[in-house]
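Please open the model in the viewer and keep the selection panel at hand.

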Amino acid sequence: MTGIRARPRRILLVGLIAGFAFAGLGPLRAGGVNLGGDDSGADEGPSFFGFIRDADGSAVTDAKVTAAVKSGGALVTRSNSMGVYKFSGFGKDIDPDSVTISCAKDGYRQANVVPRSRAGADSKDPVEVECYLQKE
Amino acid sequence: MTPALCFAAALAFALGGLGAAPGRAQTLAGTVASAAEGAMEGVLVSAQQDGSPITVTVVSDARGRFRFPDGRLSAGHYRLRIRAAGYELDGPKEIELGAAPADVSVRLRKSSDLAAQLTNTDWLMSMPGTAADKRPLLECMSCHGFERILRSTYDADAFVPVLERMARYANNTIPARVQSRVAPREVNAAGLRKLAAYLATVNLSRAPVWNYELRTLPRPTGRATRVVITEYDLPRQTIAPHDVRTDAHGNVWYSNFVENFLGELDPKTGVHREYPIPVRKPGFPTGSLDLEADGDGNLWLALMFQAGLARFDIKAKTFTIFPVDPALDDDAMQLSMVMPRAANVDGKVWTNDVARQAVMWLDLSGGKYERIDPFALLGKGRVHGPYGMAADAGNDLYVMDFGDENIVRVDANSGASTIFPTPTEKSRPRRGMLDDHGRLWFAEFAADKLAMFDTKTESFKEWAVPTPHTYPYDVYADDTGELWSGGMASDRVLRFDPRNASAVEYLLPRPTNIRRVFVDTSTDPVTFWAGNNHGAEILRLEPLDERIR
């Protein structure tokens, strides 16, 4: 397996782009089953987000990204047109360290997964994990 | 489980238009015109013989011509009606069909009450306000149309107790029969007051007429006019057909959303039968929602607030009831879905527990239910709603999260969930079906989209429906690759080809609240079936296009 390391100078850029990519999400919207009912995200744990990249550091779109929980179960999503993925809404009982991020796409194999340091982070701070694919 | 129960109440319909009797090969054709437009395309012309529960409808073409298929009407006296927004029938209103072909000139005049002709979609198009203002109204459609809201004269303060009262109603409530929940229901007071304030700005509380233009969708054109629609009136207004499907013999079966009956209709003879389902929780709302077939062709019903599942032996015509265990049952228990399709694999039938946002499986060997939280990984702050269900060949469950935005696969062995958020946020996936290629087709109710989740590649595709404010309830993929959908808002049946995103929207003859949709692919072209949940009728739609295989 070829280890690929993200370039530190890109970290800020990653954060900015991810911030723009999800800027439109806004607060959780109303529209539950009850009349006038609203969702509340107050009980949620940290979200997971990051880029899916190839060996050149280019964004990989429409890659399948899985967040598997050690105790069983998973969330699955796809990277968007900028190679960004996001999982929101894990329960606060889910230990972020028990979540494993992986990525896959036809014609590629997973090369490396790089979690960003969470030193000093609050338990609700987003967890950034980059996943690298290499062409087969 | 209780012993099987069965007795049939046979109600023979008057069979005016259906008998294979002499004189069946009548022809009724003609033109539709008005002073305002001359020849009119897209006008629905309906004929109902005196004493018959059956109404046949065709649509005028670009030259204003219409024609009922040969042999569809028998000799006799018919009442005619039309549907064309902004118009009403000037005449003729009755016609005598005899031995000779009839050719009539149907005259329309401008309607004096356009508001009475608006669909829910039309109202949503017409009303000022933001999407957020209007979104709570989507819940109202489950029990009634919007016209009564917009004709009301309540101010905001007067609206609040009305909305509070309605929030206490069970969702299996229709205008002809109100049912109240036994368990108290939490209501978001602030949200409800906000809704009341909005409604008071769009109803007639401030003026005798609406202070906005009433807009309607255009009439059908082209392919949308090439259709025959048959309505079968059911014998009581309190019959609320929710799920409709045909069996291997072409008989039509339906769940009754507000009464404890399973209904059967023979579309060839018109005979209608009802099979009573035992009421096991007196004082609780009655009626059933999901109607599914198992691998043996037997029918299963989810008994809603009666807290159980029912299996109907289609040969013996007997029920076996599977009540929820007392340890799990309570006043809020509500089972809206059932999925028995692959129960032969492991002896488990899937269902849901609406009040706890959970799924359950019923172990047929012991009749015990086990509750599973499919959203255990997620935070508790979001509203989820396990709703439409499909099972694959291994009895793994695919459940649509109607409260939020997810497709969830629940492993049949471990009960572990894999959650797939839809590309569109808060799409509220409602109901759908799994095809033979492992593709889950489903309706994204709140997103106004049809969608497909490929269970093999675990990827989504989404298509916006052509008319905003359609709010599709369900999707059926026929064996030609076309999708069929309907809902509670637009009084239209959507036929959609995902290969080229082409769409046909068939307008229906009456206000029609569609839930589950079903397509009989044994006919050529296919035949679409649905119930009119608020209109006590079964609906058959036959496109006249050539079928593409």
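Select Leu301(B) first. Leaving aside residues up to four places away in sequence, Leu301(B) touches Ser255(B), Leu262(B), Ile277(B), Ser288(B), Leu291(B), Leu309(B), Ala310(B), Phe312(B) and Val338(B); two residues are in contact if their C-beta atoms, placed from the backbone, lie within 7 Å. This is a predicted model, in which local features need pLDDT of at least 70, side-chain atom pairs count only at pLDDT 80 or more, and totals for chains, interfaces and linings use all residues. Residues are numbered from 1 along each chain as its sequence is written, while chains are lettered from A and ligands numbered from 1 in the order in which they are written.

Leu301(B) and Leu309(B) have the most contacts inside the largest nonpolar core, which has 158 residues. Such a core is a set of buried Ala, Val, Leu, Ile, Met, Phe, Trp, Tyr and Cys residues joined through C-beta atoms within 7 Å (buried: 20 or more other C-beta atoms within 10 Å of the residue's own).

Now colour chain B by domain. An automatic or database assignment gives domain 1 (2-114), domain 2 (128-202) and domain 3 (283-421). The C-alpha centres of domain 2 of chain B and domain 3 of chain B lie 28 Å apart. Their contact takes five residues from domain 2 of chain B and eight residues from domain 3 of chain B.

Finally, turn to chain A and colour by pLDDT, the predictor's confidence in each residue, from 0 to 100. The mean for chain A is 75, and 68% of its residues reach 70 or more. Over residues 1-33 of chain A the pLDDT is below 50. Where pLDDT is low, the predicted coordinates should not be read in detail.

Terms used: Buried ≥ 20, exposed ≤ 12 C-beta atoms within 10 Å, placed from the backbone.
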